[in-house]
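These are my notebook entries on a structure I examined today.

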Amino acid sequence: MAFNLQEESISYGDFTVLNDFSLSIEKGEKVALLGKSGSGKSTLLKHLYNLEKEDCTYIPQELGLVNNLSVFHNVYISKLDENSLFTNLRNLILPSKEYKDKILKVLKEVELEDKIHSKIINLSGGQKQRCAISRAVFDRKQILLADEPISALDEYLSDEILKLLTLKFETSICALHNVDLAIKNFDRVIGLKNGKVILDKVCSDLNEDDRQKLYYVCD
Amino acid sequence: MKMIDKSCIMFVTKDLRVSFVIFIVGVISFFIADLSISTVDTSLLVEEFFFSIIKLSFSNYSILFEAFLNTISIAIISIFISSILGFFLALFFSNILVRISLSFTRAIHELFWALIFLQIFGLNTLTAILAIIIPYSAILAKVYAEILEEHDTFPQSLRGRSKISYFIYTKIPDALPHLVSYTLYRFECALRSTAILGFVGITTLGYYLSSSFMQGYYNEVWMILISFYIVVASVKWWFNKYTFIPLTIVSFFYLDDFSGFNLDNLIRFITNDIVPYPIRNDLGFDKSLAWFDNIFSNEILPGIFNTIVLTQLSLFLTALLALVLFPLVSKKFFSKPSRLSSHIILVILRSTPEYILAYIFLQLFGPSMLPAALALMLHNGSIIGHLMGNETNLLSLRPDITKKRTEKYFYEVLPRVYKQFLAFLFYRWEIIMRESAILGILGIATLGFFIDSAIADFRLDKMFLLLLVTAFLNIIVDLISKKAREYLKTDSSFSSSRCSLK
């Protein structure tokens with residue numbers, strides 16, 4: 001079992017986002033969270049991340065990139081804890097061949113290899129998003145928690161990247177807006193509205209009614 | 001009748017309320033303050049002074065050149081050491097003890113620090129450098145800490161265990177350009193501070209300026225001032241991120257003599273000189289109380305009173321001047337050619353330290369609060385006027401607004417920048433108070449006057465007590481200013497120009 005929430009409540013100050021919330025996710029599952037902004041997706045992901053920090057790779061909605069560093073360094077950041085301070089300093093000043101090759105490989109998969117030396121500040125919204133995704137892929141813990149990782153990408157790239165993410169991580173939980181891409185790339189969809197689960201089904205069991213319901217929660 | 005009254009009250013905003021307080025206190029200070037002119041031949045003196053600008057010359061150019069090299073290299077070394085110290089202190093800025101002690105060192109003016117170190121190490125380069133380093137590292141530490149906090153896009157939750165690595169990767173890259181540009185800006189201030197250290201005897205520009213003035217060589221005074229403007233105005237061409245390190249090394253070699261450090265003197269100063277006289281000599285509680293009471297009622301109270309009067313008067317005058325000046329440099333009011341001349345005047349007023357302005361006015365008008373208030377008004381008013389001008393340039397006004405300048409000023413522009421204006425004023429408040437205290441050295445009975453005379457009588461215990469009072473007064477003003485800014489909610493309204501205010 002990756003996560004098991006039983007009747008939990010999460011609130012910010014006086015404002016309760018998730019009330020009496022129950023959810024369990026098995027290891028190896030690929031789950032898409034669907035819902036409008038404000039439905040509780042981000043709160044849920046953040047909560048899950050705090051439960052299993054050590055085993056999770058997390059892509060927050062605001063991406064968390066360092067503007068004045070290159071794409072290389074921003075991807076490398078996920079390995080800071082694994083390497084010594086000396087190695088980290090060395091790679092900051094003069095990236096080693098070893099890491100350059102490794103990171104280039106990851107960047108190729110999201111079609112960002114030509115931007116390896118660009119500073120984040122000079123990238124477009126979609127390029128920034130792909131950089132954050134590369135950081136996550138390079139980190140590659142057991143569970144992926146991604147908060148709308150493809151919101152600034154076109155349909156083709158979105159599809160490619162969701163394939164990549166579900167392939168690279170044993171378990172992946174993604175917050176999304178796009179119902180069709182969710183059903184196509186994930187095994188299970190959860191529809192959220194105002195902090196409540198209104199639909200939770202394995203994709204192969206979805207009927208036309210369920211699809212309409214999902215379109216409705218994302219609209 | 002009642003209805004009208006109520007609807008009028010609706011227009012009284014927080015901004016107006018605060019402005020009203022500044023206004024009233026300013027006017028009261030105006031009537032309390034001694035603003036008399038005591039020189040006999042004032043107009044003749046003023047005329048002679050201003051006309052000697054056309055006879056620009058200097059008797060010995062190698063001395064002038066040396067004074068400049070001295071001033072510049074002391075400033076460079078001081079800013080170099082301060083930036084390193086400041087950075088390390090910034091890392092511990094969340095510690096309350098660090099914050100308190102830094103706000104204390106910040107609150108004491110560099111000239112006061114110079115006066116202290118003069119007693120310990122004598123008249124030398126070491127004294128000059130320490131006098132700049134101590135307040136400057138405290139200021140840099142505070143601003144560095146703010147910059148490091150502000151430029152941080154990396155979420156807390158993603159930060160891992162290796163604290164140093166994460167610090168270097170996620171904080172430094174975004175903050176570094178801001179840290180560098182603030183340090184370079186501070187160098188300009190350090191130049192001014194070093195120049196005025198000459199007034200206590202260190203051989204920087206202020207020393208030659210005051211000696212030329214006292215001998216009545218006004219042409220030399222102008223020569224020093226104008227060369228100083230050129231040096232300050234050209235600073236970004238010769239002092240930048242590429243020349244910083246080489247210039248620092250050259251300065252170290254130029255000022256090769258850093259001796260003068262004397263541990264015995266330092267120990268004597270701390271353990272003996274500044275210990276209150278009755279305690280040092282074990283005269284008992286009653287005598288100690290009498291000692292304190294005497295200083296309190298004859299020096300501390302009048303000193304505080306005069307410092308506050310001068311501060312509030314100057315603050316009020318600064319506000320008036322800034323409100324008049326800012327349209328003169330604003331794209332919203334004047335065309336480029338007429339803005340240019342106002343810009344030049346503002347740059348000159350901004351780059352003249354208020355201490356030098358006050359010194360000149362004092363020679364022309366004689367000792368009273370007038371020279372000090374004029375100096376503080378001109379210097380601070382031009383700084384705020386300049387910043388306000390920049391703020392108004394950023395405003396986008398709709399195309400069909402009134403063409404009448406006065407109406408535009410009161411209806412379209414001033415209301416939009418008034419909050420920033422008040423914020424600027426509150427940021428400058430603490431600085432005006434620091435300066436008001438220090439201008440006492442020139443003979444106005446603010447706290448600096450009593451500190452200076454305590455040193456002249458070699459009563460260092462009294463000096464130390466008065467310095468503590470000065471620092472406390474500054475910290476209190478800083479706290480009130482912070483509360484006022486919170487009350488007005490001004491801090492969120494601007495970000496770019498805040499650095500040039502501190």
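I began with helix α16 of chain B, where I found Ser342(B), Leu346(B), Leu349(B), Arg350(B) and Ser351(B) to be buried. I note that the model is a predicted one. The buried residues of α16(B) pack against α10 (218-233), α15 (284-325) and α18 (369-394) of chain B.

I repeated the check on helix α19 (residues 405-438) of chain B. A straight helix of 34 residues would span 50 Å at 1.5 Å a residue, but α19(B) spans only 40 Å between its end C-alpha atoms. In α19(B) I located a kink of about 60 degrees at Leu414(B), shortly before the proline Pro415(B).

Next I turned to chain A. I traced an open sheet of six strands in the order β4-β5-β6-β3-β7-β8, with mixed pairing. Its edge strands are β4 (56-59) and β8 (196-202), each of which pairs on one side only. Strands β5 (residues 143-147) and β6 (residues 171-176) of chain A run parallel and are joined by five bridges; Ala146(A) stands opposite Cys174(A) in β6(A). Helix α1 (residues 41-51) of chain A packs on the sheet, and its direction makes about 150 degrees with that of β5(A).

Last, I looked up the contact between the chains, which takes 18 residues from chain A and 16 residues from chain B. On the side of chain A, helix α3 (residues 85-93) gives the largest share, four residues. By class, this side has 11 nonpolar, five polar and two charged residues.

Notes
Residues are numbered from 1 along each chain as its sequence is written. Chains are lettered from A and ligands numbered from 1 in the order in which they are written. This is a predicted model: local features need pLDDT of at least 70, side-chain atom pairs count only at pLDDT 80 or more; totals for chains, interfaces and linings use all residues. Two residues are in contact if their C-beta atoms, placed from the backbone, lie within 7 Å. Helices (H or I, at least four residues) and strands (E, at least two) are DSSP runs, numbered from the N terminus. Ala, Val, Leu, Ile, Met, Phe, Trp, Tyr, Cys and Pro count as nonpolar, Asp, Glu, Lys and Arg as charged, and the others, Gly among them, as polar. A residue is buried if 20 or more other C-beta atoms lie within 10 Å of its own, exposed if 12 or fewer, and partly exposed in between; C-beta atoms are placed from the backbone. The expected span of a helix is 1.5 Å times one less than its number of residues. The bend at a residue is the angle between axes fitted to the seven residues ending there and the seven starting there. Two strands pair if DSSP finds at least two bridges between them. Axes are lines fitted to C-alpha atoms, for helices over the stretch in contact, and angles run from 0 to 180 degrees between N-to-C directions.
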